[in-house]
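Subject: Structure for you to look at

Hello,

I am passing on the structure we spoke of, with the sequence alongside. My notes on it follow below.

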Amino acid sequence: MKENKAVIILLIGVNYAPEISGIAPYTAAMAEGLVAQGHQVQVITGIPHYPQWSNYTNFKGLTSTETINGVRVRRVRHVIGSGGMGLSRILQEVTFGLGAALSPWHKPDVVLCVSPALISTGIQVVRGRFGKAPVTVWVQDLYSNGAREIGGSNVKGRLLEKVESTILKAASGVLVIHDRFRRHVVDDLGVKDENVCVSRNWSHIKIDLAADPADVRQKYFGDAELVAIHTGNMGAKQYLENIVEAGRLADQRGSKVVFGLVGNGSRREALEELGQGIEHLVFVPSLDDAEYAAMLQCADVLLVNEKPGLRESAVPSKLTSYFIQGKPVVAATETDSATSDEVRAAGAGPIISPGDPAALLDAVEDMAGSVNRAGQYGASARRFAEEHLSADSAFQRVGSWLAGLSAVRSRVTTKEME
């Protein structure tokens, strides 16, 4: 097969390194992976703010430029929202979108916008109409489904679906992270099937660079006999009140299980208040890569927890980090959700009803009493990650797709000039 030539890629996304959770690690790794393939990559991104939703690096000025691991990164100032899709989040997306659109693009061959942020992405698609480079969209979350599933009104959901459909259909190509996303984008949002590419996210945690798991376990959980942890964003989608109540129930039962909530987010303060006095519940701050990898390795069970009714809007990025650990995963999610599809495909662990603390505690305790089954789940999850969640294959697939779109646009432009 003929290899595509190296191209100049502009990657635009509000989240980037040094943010250590959510979409940022994938955006940064994609930029660096495309550079390693020989492409030239420029990045326009925002102020580091996630998942704290604050300017925690004390970014100053309107813009700044730096080089991170060989990638030229331009940051633009924007309003920082507070999570969810309220007015502050809309202002964040609009201000970042305008900042990115008004920044110099330096004549890329192709533009890859990361959604979220959807509104910002729409602004870049409009900007792209005035240039020669095709503008593509990398869809990590589906806004319209999220609005419906997290308790938004049907009117809001329909409005967001119209906006999302308009933006994605106007883009030169759409990259999605799961086949469930592809079906929704094509069947419900009206994007042409031939314009959609599927490329899963990958396992980005480097196990060999982990801190000592025993030290990390002792530091945060002491002598707990059984540790079950949930990592990442603490927001509405995760509905972590379920885990807090499972910890309360563990207190009442005198269970051996200690639950850990690792990370940060818009709901953390409320969750800490709800969990005051619960002995079988530990809150752990956001960790650097080495300590985070050790945290995953020191756990007995890894948890995915979603709000009841959540089915189509997202595939938790934490799953790629979970699967490679070789640990059982307990998923509290709808049995027909995209998340359950992924856990089931990996053979990673049981799927239980969301919003049921007793079922969650029972499932975790069952793992402790079924060592062989827990080991089988963990081994299956690791095999799945090794076979299907390779970073190199993702970079190669996306790089080839972007180069192909650039070549198509170049041929069309040449024909128009003749």
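Start with the two domains: the C-alpha centres of domain 1 and domain 2 are 28 Å apart. This is a predicted model, so please read everything below as computed from that prediction.

**Domains and their contact**

Domain 1 is made of two stretches, 8-202 and 390-416, while domain 2 covers 213-389. In the contact, domain 1 takes part with 23 residues and domain 2 with 30 residues. The size of an interface is often given as the accessible area lost when the parts come together. Here domain 1 and domain 2 bury about 2,200 Å² between them, and carbon and sulfur atoms account for 51% of that area.

What charged and polar links run between domain 1 and domain 2? There are three salt bridges and 11 residue pairs in polar contact, where both residues have pLDDT 80 or more. On the side of domain 1 that touches domain 2, helix 4 (143-149) and helix 6 (179-188) each supply at least two residues. Helix 4 gives the largest share, three residues. Sorted by class, that side of domain 1 has 11 nonpolar residues, eight polar ones and four charged ones.

**Salt bridges**

The structure as a whole holds 18 salt bridges. In one of them, Arg180 pairs with Asp341, and their closest N and O atoms are 2.6 Å apart. Another joins the side chains of Glu225 and Lys256, at 3.8 Å from N to O.

Six strands form an open sheet in the order 11-10-9-12-13-14, with parallel pairing. Why is one side of strand 11 and of strand 14 left without a neighbour in the sheet? Strand 11 (281-284) and strand 14 (351-352) stand at the edges and each has a single partner strand, so one side of each has no neighbour there. Strands of a sheet pair through backbone hydrogen bonds, either parallel or antiparallel. Strand 10 (residues 257-262) pairs with strand 11 in the parallel sense, over four bridges. Within that pairing, Leu261 has Phe283 of strand 11 as its bridge partner.

**Backbone points to check**

Most residues other than glycine have a negative phi, and most peptide bonds are trans.

- The peptide bond from Ser115 to Pro116 is cis, with omega near 5°. Pro116 is in the loop between strand 5 (110-115) and helix 3 (118-128).
- The peptide bond from Pro116 to Ala117 is also cis, with omega near 20°. Ala117 lies in the loop between strand 5 and helix 3.
- Trp53 has a positive phi, near 55°, though it is not a glycine. Trp53 is placed in the loop between strand 2 (40-45) and strand 3 (63-68).

Regards

Technical notes. Residues numbered from 1 in each chain as written. Predicted model: local features only at pLDDT ≥ 70, side-chain atom pairs only at ≥ 80, totals over all residues. Heavy atoms only, no water. Domains from an automatic or database assignment. Contact = heavy atoms within 4.5 Å. Buried area = accessible area lost by both parts, 1.4 Å probe. Salt bridge = Lys/Arg side-chain N within 4 Å of Asp/Glu carboxyl O. Polar contact = N/O pair within 3.5 Å; in protein donor to acceptor, adjacent residues only side chain to side chain. Nonpolar A, V, L, I, M, F, W, Y, C, P; charged D, E, K, R; others polar. Pairing = 2+ DSSP bridges.
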